[in-house]
Protein chains: 2
Amino acid sequence: MPSTALCFSSRAEHRQWLATQAALPAGFRVGTARFGFTPREVPKPAEMTLSLIALDEPTPDFAAVFTRSAFPGAPVLIGRDRLAEPQLGAILVNNKISNVCAPDGRAASEAVCTRAGELLGLPSTAVLPSSTGVIGWSLPVEEMLAALPAAAAALQAESILPAAEGIVTTDLYPKVRAAAVGSGRIVGIAKGAGMLEPNLATMLVYLLTDVAVPREVLRAMLRRAVEPSFNSISIDSDTSTSDTVALVSSGRVPCADLGAFEAALAQVCADLAEDVVRNGEGVRHVIRVAVGGAANAAEARALGKVIVNAPLFKCAVAGNDPNVGRLIQAMGKWAPPGSSAGALAAGAESLSRLRLKMGGVEIFSNGVFQLDPQKEASLVAHLKSAELYESRPSTDGVYRAAVDYPPHERCVEIEIELSSGSGRAVVLGGDLTHEYVSENADYRS
Amino acid sequence: MPSTALCFSSRAEHRQWLATQAALPAGFRVGTARFGFTPREVPKPAEMTLSLIALDEPTPDFAAVFTRSAFPGAPVLIGRDRLAEPQLGAILVNNKISNVCAPDGRAASEAVCTRAGELLGLPSTAVLPSSTGVIGWSLPVEEMLAALPAAAAALQAESILPAAEGIVTTDLYPKVRAAAVGSGRIVGIAKGAGMLEPNLATMLVYLLTDVAVPREVLRAMLRRAVEPSFNSISIDSDTSTSDTVALVSSGRVPCADLGAFEAALAQVCADLAEDVVRNGEGVRHVIRVAVGGAANAAEARALGKVIVNAPLFKCAVAGNDPNVGRLIQAMGKWAPPGSSAGALAAGAESLSRLRLKMGGVEIFSNGVFQLDPQKEASLVAHLKSAELYESRPSTDGVYRAAVDYPPHERCVEIEIELSSGSGRAVVLGGDLTHEYVSENADYRS
């Protein structure tokens, strides 16, 4: 399912479009509340937003997948338990602190769920908690309990946009995607910009629908939808401890066509995944790697990931430098002889079948590079055309993104044909830039 | 074998010390030649240095290990064949172009070996070729053949320093380490700054000794020496296509104590490995991760590698930001439940045994972080003390290293105790900085 990329000429135009996508499906309400507090571990002023997504009636039809990190956050541990509950009535998300390995973290999340449940007339077990932000710090439970009534009072049934804005951390812009299914619809929002190589789940994504799809069918569909979307992207190889994708149906609109629903779900997931990459921390070029001819789809995806995670190739892309040798280098480190990387580990024989293209230009075939000054010039032009904005430090020496909307939909296009099987995959990633380092080193979190 | 780190107050002091280490063992001569040329693929002026290491008499006692990349360079393919030859008489190294997957690359390397052999009275099969630099470009064979007589004419028996300087690319300074063994000695040089996570071998390292050690013993010792040294470091996770470690004995000094020789070899390898990291591309903090209590040494090393390769943790270190949550995040992504990472994949149970220290300060125990404002302040001080130089862009916006010698020997010290076995390892790596991005994006290679 290729994603539908977006292209805007200004922030205002982008925000206007988001508003058109953000209409809530029937049966949902959204409210947020923002407040200041002082973290216990590093006492300096901070702000947090609570985003509350409530169903008019609790539903048995919900699904979620979570990070496979060995050290998941308390909300993820609780969320896994919630999957066994008969009904879900609300989702409560906070940013700023992710509540991972913090003392009494589970009790803190449960306390907030309990209060949210009281306000909504739900048992705490019908509230799914989610947190994102600094790892290791403790949630400011008192302040969150005090802010919850304001979030509940703000609930409205028109737009998901307040939640799309409320769940972000280092994101440059909110992410909303929607699809119609018969007379119903799916609307999804995503948070994610860094610490992002989902492993069987991803960042924070909430997908709401009014189309009635039974719980078990919904869960199977979600598992299938995340593989080619959220599980096929990487900003920085750093899988998060908080990744969560939740899908909730209010059941208001009968489902006439399950196939159409699944296709729409796949499209929304693919679109949000691309949004997340295009808005990745410091990303100035989106890199799309299409791998074909692998032993199977998993191997094709693994090879694509190796390339979008290779620091030297990512830096070359950032500099509009077609240093294509670094593509071979990245592939070579992934597939030492005797490794499980079947298509490449065979060595010279497989090398002779390998074909590489960048921007449609053949750069490798018959076991050797096919380079000349004309190709070099067209590769440079391809890289420049895919640049989202030019890199320039601010007067304080910090590099900040120059746009806070997606100015075009172009990618650095890498095509890899292994010719040793029928496995295919498309993986999205970004370059490695001064803006990424500034985001993660120049500011104290 | 802990490395002997170095500490200098100026470039001049460092260069003076290098000269004292650089005396050649008996039976070796070194000469270099530098020349300009125009690469075929990107026609703009470039310079190359040929470094020739010659034995007075060919020796059967030599060893080498090479990269495990699936796409090794032509010199690596030839080098593997050379291991079967009865004798080695010379090593010829060029920088600037690595001769990887270039059309007719093998013939190009063999042509250069043949000419070097003619000049030295050796068959071409007694010459070991090595190349480092841009991947995918072709060697300038004509220019190299024309420059070889000058390298041969420059051969001298006093110092290895010309070769240590001749083999570098983006290195800030040459690397020479030596050890005495009875009345003989071992001297080693290394090239390496980026594209550096050796896999069963490493960058370019040449170890020369006059101590007589038989070929098979030498080879076994080299295999053992590289594991805790070159195979326990990573600058950027990008394993090179050209990694080579060669060890050659002229046999001039009888070996009285094989154990002492092996210990000296291990020390020189550990020292050069630390030099390589401290001089890594953009490295402003060396990170030393000591892992204990793993199932075995391989698992301990793998966990150390995960941490020194985690972009977000590396950025935090660059910014003197003790964002220790990113340590847990990196460990968590490596060990999803059910993975082969035994010590951590067990989840909550293993988490309760985990202890983490940074700069000697306990930051994690009993399953949760142990953080407070006082610890935060001492972690910041530890990070600042380990900084090699302050980051500052030049007037052209490019970040360049502010020192070209090792100004101190301090590391960011991470201690991880898994308490689930007896496997231990120490891994060295660096931070992720603006200087790394500038080196690999702001300049065209």
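Student: How do α6(A) and α7(A) lie to each other, roughly parallel or oblique?
Tutor: In this predicted model, helix α6 (residues 215–226) and helix α7 (residues 258–278) of chain A pack at an angle of about 40 degrees, with their axes 10 Å apart. They are therefore oblique to each other (under 35 degrees counts as roughly parallel, over 145 as roughly antiparallel, 65 to 115 as roughly perpendicular, the rest as oblique). Axes are lines fitted to C-alpha atoms, for helices over the stretch in contact, and angles run from 0 to 180 degrees between N-to-C directions.

Student: Which residues make the contact?
Tutor: From α6(A), V217(A), L218(A), M221(A), L222(A), R224(A) and A225(A). From α7(A), L258(A), F261(A), E262(A), L265(A), A266(A) and C269(A). Contact means heavy atoms within 4.5 Å.

Student: How many helices and strands does chain A have?
Tutor: Chain A has 14 helices and 16 strands, taken as DSSP runs numbered from the N terminus (helices H or I, at least four residues; strands E, at least two). The C-alpha trace of chain A spans about 70 × 55 × 45 Å along its principal axes.

Student: Over to chain B. What is the strand order in the open sheet?
Tutor: The five strands run β3-β10-β8-β7-β6 in chain B, with mixed pairing; two strands pair if DSSP finds at least two bridges between them. β3 (62–66) and β6 (175–181) of chain B stand at the edges with a single partner strand each, so one side of each has no neighbour in the sheet. Neighbouring strands are turned by 10 degrees against each other on average, direction ignored.

Student: And which helix packs on the sheet?
Tutor: Helix α7 (residues 258–278) of chain B, which touches β6, β7, β8 and β10 (244–253) of chain B. Its direction makes about 165 degrees with that of β6(B).

Student: How many bridges join β7 to β8 there?
Tutor: Six, between residues 184–191 and residues 204–211 of chain B, and the two strands run antiparallel. K191(B) has L204(B) as its bridge partner in β8(B).

Student: At what angle do α3 and α4 of chain B cross?
Tutor: At roughly 25 degrees, with the axes of α3 (residues 105–120) and α4 (residues 141–153) of chain B coming within 10 Å. α3(B) and α4(B) are therefore roughly parallel.

Conventions. Residues are numbered from 1 along each chain as its sequence is written. Chains are lettered from A and ligands numbered from 1 in the order in which they are written. This is a predicted model: local features need pLDDT of at least 70, side-chain atom pairs count only at pLDDT 80 or more; totals for chains, interfaces and linings use all residues. Side-chain values use heavy atoms; hydrogens and water are left out.
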